[in-house]
Amino acid sequence: MARKTGRQTVRDMIISLGACGLVVGALFLVAPHSEGDPVKRVPYDLTFRQASRVSPYPLVAPQGLSDRWRATSVDFSGFNPNDTQWHIGFINPNDKYAAVEQSNGFTDELVRDKGKRGKPIGNVDVAGEQWKQYDGPKYRSLVRVRDGITTMVTGNATFEDLTVLAASLRPVTG
């Protein structure tokens, strides 16, 4: 058997690495790739109906939004009937976050905490009702207080998108 020189060994190694690279590349091309929506959707209808039965005030949730508004979180905290909290978080069609927050607790605390310390900048009409606008370094918010219940739409979405979400809010039906 003939003895290999150093050049032949290096050449054989390069050929072997090239062959391995071709196999890996071919596997990458034929392997399935997930091209679906990376956002994990959560259903909120059932939680909304259940929470509405025990809530001391009428909860609201969006109706009629496009399927491109993807619910990502839902929560109801009703241990203290004087400070219940309802939450639904969404990723909107522009891939920005928007949430519905509702509480019969302290309005100022809710607005400060959920609105990421936004400051009031004025009012806006949403579906015939006046909502206060807040703007902050991270979040924008729309807030309505009616009959001791604070409803807040907040997130890093635009005011236009927050207005769309606020206008879609309805109490449970049926």
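A search of the whole structure turns up four aromatic pairs. Keep in mind that this is a predicted model.

**Tyr44 and Phe90**

- Tyrosine 44 and phenylalanine 90 make an edge-to-face pair, with 5.7 Å centre to centre and 80° between the planes.
- Tyrosine 44 sits in the loop between α1 (6-30) and α2 (45-54), while phenylalanine 90 belongs to strand β3 (residues 85-91), so this pair ties together parts 46 residues apart in sequence.
- Tyrosine 44 is buried, because its relative accessible area of 14% falls under the 20% cut-off.
- Phenylalanine 90 is buried too, with a relative accessible area of 2%.

**Tyr97 and Tyr139**

- Tyrosine 97 and tyrosine 139 form a tilted pair: the centres are 6.2 Å apart and the planes are at 35°.
- Here strand β4 (residues 97-103) supplies tyrosine 97 and the loop between β6 (129-135) and β7 (140-146) supplies tyrosine 139, so the pair ties together parts that are 42 residues apart in sequence.
- Tyrosine 97 comes out as partly exposed, because its 22% relative accessibility lies between the 20% and 50% cut-offs.
- Tyrosine 139, on the other hand, is buried, at 17% relative accessible area.

**Ring cluster**

- Ring pairs also join Tyr44, Trp69 and Phe90 into a cluster.
- Two members of that cluster, Tyr44 and Phe90, are the edge-to-face partners described above.

Notes:
Residues are numbered from 1 along each chain as its sequence is written. This is a predicted model: local features need pLDDT of at least 70, side-chain atom pairs count only at pLDDT 80 or more; totals for chains, interfaces and linings use all residues. Side-chain values use heavy atoms; hydrogens and water are left out. Rings of Phe, Tyr and Trp (its six-membered ring) pair if their centres lie within 6.5 Å; planes under 30 degrees apart count as stacked, over 60 as edge-to-face and the rest as tilted. Helices (H or I, at least four residues) and strands (E, at least two) are DSSP runs, numbered from the N terminus. Buried means under 20% relative accessible area, exposed over 50%, partly exposed in between (1.4 Å probe, protein chains only).
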